[in-house]
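Work through these exercises with the model open beside you. Try each task before you read its solution.

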Amino acid sequence: MKPRILFMGTPDIAATCLDALFEAEANIVGVVTRIDKPKGRHAVLTPPPVKLCAEAHGVPVFQPRTLRDEAFAAYLDELAPDLILVVAFGMILPPNVISYPRYGCLNVHASLLPRYRGAASMQRAIMDGESETGITIMYMDEGLDTGDMILKQTTPISDTDTLETLHDRLAEMGARLLVEASELVVCGKATRTPQNEELSTYAEKISRADCKLDFQRSAIALDRQIRALTPMPFAYCLTPDQRTMKIICARPVDGSGAPGTVIRASTDGAGEIVVACGEGALSIRTLQPEGKGKMDAAAFLRGRKLSVGEVLF
RNA sequence: CGCGGAGUAGAGCAGCCUGGUAGCUCGUCGGGCUCAUAACCCGGAGGCCGUGUGGUUCAAAUCCCACCUCCGCAA
């Protein structure tokens with residue numbers, strides 16, 4: 001008899017995990033995700049990826065406004081899950097939910113716990129220049145990403161990894177490990193390793209301020225920042241006319257000058273705009289001016305006149 | 001109706017306010033120069049100026065109206 005599984009999650013990475021569970025023919029009796037939220041310029045209500053995935057597999061979806069009411073308690077009783085799997089759900093599970101299933105609640109977290117607990121674990125790991133990160137599968141408890149660990153797998157972060165490439169890799173890894181961990185848990189072979197509190201760190205949510213480039217910093221640091229924020233929400237700086245310019249792709253290079261100053265502007269090939277930083281320089285290859293689409297540096301230079309000596313900030 | 005920018009040649013832009021031959025930097029094609037070149041010179045092709053069977057006008061890329069699409073901010 002397969003355990004009755006309740007899945008709770010919201011974004012892409014959760015949908016990838018849910019897909020893997022369906023692939024593994026898990027007995028998903030229900031899916032809980034957050035309510036559709038307004039997105040984009042005209043605030044169009046958009047269903048989260050997990051909802052689409054569940055519907056595609058014909059599993060009923062529940063989108064509660066809160067987990068702390070009678071309705072959700074009744075929902076649990078009705079489904080009577082033996083195991084709850086949570087991936088990037090976005091709501092805190094109250095104690096009565098955590099303690100409900102006899103096999104417990106498992107969570108997929110995109111970092112090597114106890115480091116980088118919290119919402120922006122992948123972004124912060126790239127920003128900090130970590131050489132590796134990974135996936136941890138753990139039992140949930142009432143803290144934020146503080147539960148006992150079951151499985152962990154590592155992946156290196158290369159100096160060309162972006163949030164996108166890392167996210168995709170970790171999503172696949174997380175999906176695989178989640179399937180594996182749930183099987184271990186159900187057959188009683190899962191081990192519990194407590195987290196070492198002293199080594200824990202917290203990955204603060206990304207704010208607008210985290211996206212602003214500060215050319216006083218080193219080119220290496222700026223490159224990390226850019227990669228950590230690509231393809232969402234992107235790092236940016238301001239052009240001499242005070243307009244925002246998102247930096248899509250850049251590379252640290254040799255060079256020096258007053259921080260923020262353009263020290264080279266080339267339209268050869270895809271072109272590059274080299275900006276002096278606090279240490280080294282940043283060669284901007286692809287960017288997106290405010291109100292415009294993405295373009296390479298050469299295209300930008302042809303239309304707008306940004307020349308050597310001008311300052312970005 | 002949240003605020004704002006933008007749709008002109010394959011790319012990026014100017015021209016619009018002050019209506020009157022469609023421009024710039026590239027790319028592309030042909031030719032030339034060169035030991036050679038992504039360099040330089042000469043020449044060519046490529047546009048119904050987002051859509052409208054709209055309005056104004058002798059005349060609209062340009063002014064007015066409606067709509068479509070893309071994007072930045074905010075959520």
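A residue counts as buried if its relative accessible area is under 20%, as exposed if it is over 50%, and as partly exposed in between. Keep in mind that this is a predicted model.

**Exercise 1. A covered strand**

Task: Find how many residues of strand E2 (residues 28-32) are buried, and which strands pair with E2.

Solution: 
- Step 1. Apply the cut-off to E2. Five of its five residues are buried, so by this cut-off the strand is mostly covered.
- Step 2. Look at strand E1 (residues 5-9). E1 and E2 run parallel and share four bridges. Ile5 faces Ile28 of E2.
- Step 3. Trace the chain from E1 to E2. The path goes through helix H1 (residues 12-23), and this β-α-β crossover is right-handed.
- Step 4. Turn to strand E5 (residues 61-62). E5 also pairs with E2 in the parallel sense, over two bridges. Here Val31 stands opposite Val61.

**Exercise 2. Salt bridges**

Task: State how many salt bridges the whole structure holds. Then explain what the pair Asp148 and Arg192 ties together.

Solution: 
- Step 1. Count. The search finds ten salt bridges.
- Step 2. Check the pair. The side chains of Asp148 and Arg192 meet at 3.1 Å, N to O.
- Step 3. Asp148 sits in the loop between strand E8 (132-139) and strand E9 (149-156), and Arg192 in the loop between helix H6 (163-186) and helix H7 (208-211), so the bridge ties together parts 44 residues apart in sequence.
- Step 4. Take another pair. Asp161 and Arg169 form a salt bridge, with the closest N and O atoms 2.3 Å apart. Asp161 is buried at 4%, whereas Arg169 is partly exposed at 29%.
- Step 5. Look for a network. Salt bridges link Arg264, Glu272 and Arg285. Within it, Glu272 and Arg264 have their closest N and O atoms 2.8 Å apart.

**Exercise 3. The surface near RNA strand B**

Task: Which element supplies the largest share of the surface near RNA strand B?

Solution: 
- Step 1. List the residues that come nearest.
- Step 2. Sort the surface by type. Three residues are nonpolar, five polar and eight charged.
- Step 3. Find the main supplier. Helix H9 gives three residues, the largest share.
- Step 4. Compare contacts. A polar side-chain atom of Arg41 lies 2.8 Å from a base nitrogen. A backbone N or O atom of Gly303 lies 3.1 Å from a sugar or linking oxygen.

Methods: Residues numbered from 1 in each chain as written. Chains lettered and ligands numbered in written order. Predicted model: local features only at pLDDT ≥ 70, side-chain atom pairs only at ≥ 80, totals over all residues. Heavy atoms only, no water. Polar contact = N/O pair within 3.5 Å; in protein donor to acceptor, adjacent residues only side chain to side chain. Nonpolar A, V, L, I, M, F, W, Y, C, P; charged D, E, K, R; others polar. Buried < 20%, exposed > 50% of the residue type's maximum accessible area, 1.4 Å probe, protein only. Pairing = 2+ DSSP bridges. Right-handed = clockwise from strand over helix to strand, strands pointing away. Salt bridge = Lys/Arg side-chain N within 4 Å of Asp/Glu carboxyl O.
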